[in-house]
Every structure is written in structure tokens, then in C-alpha cells.
2 protein chains.
Amino acid sequence: MTDRLVINHATVREKMDMTAFVKACSRRGLSMVSIWENEIDRIGKAAAKEVLTQTGSRVFGYNRAGPLLASSATERRQRLDAAKRSIDLALEFDADHVLLFPGGAPEGEKGLDGARGMTEEAVGHLLDHLGDGAARLALEPLHPMLAGDRSSIVSMSHANDICDRLGRNLGIVVDVYHVWWDERLDEEIARAGKHGRIAGFHVNDWLVPTKHTLTDRGMMGDGVIDLAHLWNAVKRAGYDGPIEVEIFSDDWWARDADAVIDLCIERCASIFGLVMERA
Amino acid sequence: MTDRLVINHATVREKMDMTAFVKACSRRGLSMVSIWENEIDRIGKAAAKEVLTQTGSRVFGYNRAGPLLASSATERRQRLDAAKRSIDLALEFDADHVLLFPGGAPEGEKGLDGARGMTEEAVGHLLDHLGDGAARLALEPLHPMLAGDRSSIVSMSHANDICDRLGRNLGIVVDVYHVWWDERLDEEIARAGKHGRIAGFHVNDWLVPTKHTLTDRGMMGDGVIDLAHLWNAVKRAGYDGPIEVEIFSDDWWARDADAVIDLCIERCASIFGLVMERA
């Protein structure tokens, strides 16, 4: 078994439910999985727990707490409550970290200042709710092309700044897709590492051309990101967790899920030098 | 006549050639236009000069010098020579500034370090070629979603850093579409302004959702960018040039070009408080 590589369920979500996915990972000797709450809902909490127990799989990333933003205070409070329930469920599943998903700015709002303030306030509340548990919360800066409808946190620098202000139990997931373009990246990864903040390292690739802002991510090696360089940067920054494959792609979703998982493992082995031991 | 508002020909390029476009701007009391070299080629240099002279229009932005990058040294030298010819032509057209277009990294190259080094080297050569002319060259940081195939300069900070290193006669065009997401934006606009670097201010809008990475820009007011805030930021930074409308959009290209120009003027008047005086 290996804990060096994790597949995120989103990578094969169209062809495998959570039960099939966890078994598929386990069969390949992967000891951890990253999962989604909507997929737990799809098969039911009992079935989700059962397959994890049965295969002895642990949960690495738990997706997700959010969206957090809304136009009215009442709605924001409701979303905050829902996010707290997600965190509770993640703790029940013994997840390593819970991904925070701010969501887009309320409709009609111009600019990002308001959304940024609201997000930070909400994250503060969620950290209070979490307390000093085993898991931590994780910001995942998203690509700037998603600033309008997914997240106002679109750079490692901004995520680091928020961590500086909100303190411990808050980490950062570095997803190469979202941050590869940033000329400050190496230094911001080092900064995150210095504070032990790097909670995960997500891989996939940037395709040229990119046909869709959400669902056209590439398989590792098919795009232009210098993946080995970034992996070395997070390792140098002290990250000793696994590489997590997360590919949102209409193209890969349409293919045979077992073959996709095999290819993910193969590509990670050749790009990152990960040796997979079969169980 | 007003020199406070400029339309970029790209906004209506599908329905108006350069002759029709310059006349349309002039009829509306706009004393300047921003033009494209491929559109000069389309009608011929003589015709392009004639319509400018006839209407008494001046050229604000000249698009463009580049692409600059290529995989071999020979090809790069050829592209540099072509860019020099574009700069010469821009000077002949008495342009205020020439947009630099780095282009994508050479095929097969991973990461952006190589492209960044090559771009900066090429811009240095072009500044030498320009000498102390009337025009200046302008970097235009593009949106990070274009880092793979259009430009490795994707933030105001990076453009400012390059200007710091390469010195005078190099400016920055601030296009709201490309930079609006940046949490450092206000401070980087102020930094650019302090050095008198802001060569232009391009407006359009970010639509939610965005359907295409190149050709789905919005009309001012239809998206989520806080345009008035950014205009105030560039004015506060000392910029006293015009607002330039540049919309790349399959949607707007398909409409009647005269109506589009009228709407651009109307939207700019209401968002930026620009009073248009008819000639």
C-alpha cells in the first residue's frame, strides 16, 4: 500500500460512484482517497463508511465546506451553518483536511473587495467551529479565471495573507492548475511551507488551447505546466504529504474510469518518480 | 471632438474595415483610434493613411509588435525583425504607443521561466531599436488563463518588474479584463503611475459565466468588474490619457457595428462620466 499518491474522486466521478471508486483505489494499493460530500449523499453515509472500513482506506481531502457567500446576512448564516455541518461530517470521516469553497460574489456585486471580506469573515467562524480537531481547513486558491463565479482567492499570496491573519488549523492546497502562471509562485510556496501550511498538492495539467474554464483540465504530461519543478518546490518547502490527482475534464470523464486511474498512476510514476507498491 | 475616449478597431473588426471604422469614430467626435497592423494590411497602407488624414484622426494604440517567442534562435531573430518593422510602421503612423505581444512559449516547453527570459530579452532589443522616438512600447499583462498560449506576462507586478529593469520608453497598458482579479492591483497601478508608466487603460467586462478564453469579453456594465473603481485608481496614479474600449467577443462582433460603437460610448458616458462632444 502507498500513501504517496491519492486520486480525487472528481477525476472519475461520471463513471464510478464512491463505492466503486474507493475499491478501485484500494485494488491499486492506494491507502487514501479524496472524496466529495455530494458523492457521499449519492450512496448514503452508511455505504460510504462501509466501503472505507472494508478496504481500510483513509480520507485525505474532504470536498467541501461551502459555498459561503450570499447577498443577504440570513442566507450567509444559512450557508455558514451548512459549511459547519460539512466540517462535522468530514471529522466523522476522519479526513485529513476540509477544502473551503468560497463561491462567487453575490449577484450584481462589482469587484472582489466585498467577497474577499465576507470570505475571510466566514473562514474565521469556521475555524472557531473546528476548534483544535484532528483535521484542518484548507484554502485552495483557484485560477483567476474563476474569480467571477467560484472564488475571490485566486493566488497563493492572498491565501498566505489570510493564513497569516487567521492563524493555525488553516492550510493551503496547492493545485498546479490554479497557480502555475504566477511569477511569485516559488516564493509563495516557500512561504506557505515555512509555516507548515501546505495541506495538499493537486496535479493535472494546463492544455493549450483550453476549451472550457471548468471542465477542460489535462492529464499530467499533456499540458504545459512544469510539474516536476512544482513538486520539487513543495517538497523543498517541507511538504511530505501525497500527490493528489484531480482532473475536471469532460474528455477524461467520458473514458473508462479504470483505465483513467491506471493512466494517472502511470503518469505520476514517470513524472514524479513515484513507485507504486501493489497491496 | 474628444480625446477622452478611444475605440479599438478589434471591437468591431468583423463588420467594419479600417476605413469604415476610422470614419465611424470620427463621425462621433472621437479624435483618436487604436488600430491593428493586419487591418492596415487588409486595406493597404495608402488607404489607411488617407482615411486618418482625411478625418484628422490620430493613432493612440498600435497593435502590435510580436509574437516574439519561437523555439529556435533563427526563428526568434526573424520574429524580432518583424517586430522592428511593426514598430517602424507604428512610428510612420505616429502612434502614441505600440503594444508588445510576446506570444506563447515554444511548443513542448514546460513552465514559463524560459518564455519569460526570452520575452524580456526581446523587449530589450526592441527598446534599443525604438531609441528615443515619439512613441513608446507598451507591455500589456494578459489574463493568467492566456499564459499557455499568448503571454507569460500575466500580472501588473511582473510588468512593473520588467519596466524597472528595462527602463524608460517602456509603458504598461492596463486592460481591466486581464488584471481585475489581482489582489495587488491597486498598489501595482499606483506603482506604475509613480513612474509615469501607464500607457493606456482598456475597458470591457468579465462575464459570468465566461464561455471562451479569448472571444467572450463583455460590454462595460454587463459583467462583474468594478470599472469605476479601476478608472479612479489609474487617474489617481496620474494617468491622463483616454479610456479605450477593446472588446473581443463573438457576440458583439455579430451585431451591427455602428450600434455597438454607440453603445460603447453610451456605457462609457454612464460608467465613467465621460461627456462626449460632437464635432
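These legends accompany close-up views of a predicted model with chains A and B.

**View 1. The interface between chain B and chain A.** Here 32 residues of chain B touch 32 residues of chain A. About 2,400 Å² is buried between the two chains. Carbon and sulfur atoms give 58% of that area. Which residues of chain B lose the most area to chain A? They are B:Lys110, B:Trp181 and B:Glu183. Together they make up 24% of what the chain B side buries.

View 2. The rule finds 2 salt bridges between chain B and chain A. In one salt bridge, the side chain of B:Glu183 meets that of A:Arg184. The distance there, N to O, is 3.3 Å. B:Glu183 is also among the residues of chain B that lose the most area to chain A. Polar contact links 12 residue pairs across the interface, with both residues at pLDDT 80 or more. On the side of chain B that touches chain A, 12 residues are nonpolar, 10 are polar and 10 are charged.

View 3. Rolling a probe the size of a water molecule over the atoms shows where empty space is left. This structure holds 1 cavity of 30 Å³ or more. The largest cavity has about 30 Å³ of space. From chain A, A:Trp180 and A:Val224 line the largest cavity. From chain B, the lining includes B:Ala105, B:Glu109, B:Gly111 and B:Leu112. B:Ala147 and B:Gly148 also line this cavity. By class, the lining has 5 nonpolar, 2 polar and 1 charged residues.

Note on methods. Residues numbered from 1 in each chain as written. Chains lettered and ligands numbered in written order. Predicted model: local features only at pLDDT ≥ 70, side-chain atom pairs only at ≥ 80, totals over all residues. Heavy atoms only, no water. 1 Å grid on protein atoms, 1.4 Å probe; cavity = no way out; pocket = protein on both sides within 12 Å on 5 of 7 lines; lining within 4 Å. Points joined across faces, edges and corners; volume = space filled by probe spheres on them. Nonpolar A, V, L, I, M, F, W, Y, C, P; charged D, E, K, R; others polar. Least-squares fit on C-alpha atoms with pLDDT ≥ 70 in both. Contact = heavy atoms within 4.5 Å. Buried area = accessible area lost by both parts, 1.4 Å probe. Salt bridge = Lys/Arg side-chain N within 4 Å of Asp/Glu carboxyl O. Polar contact = N/O pair within 3.5 Å; in protein donor to acceptor, adjacent residues only side chain to side chain.
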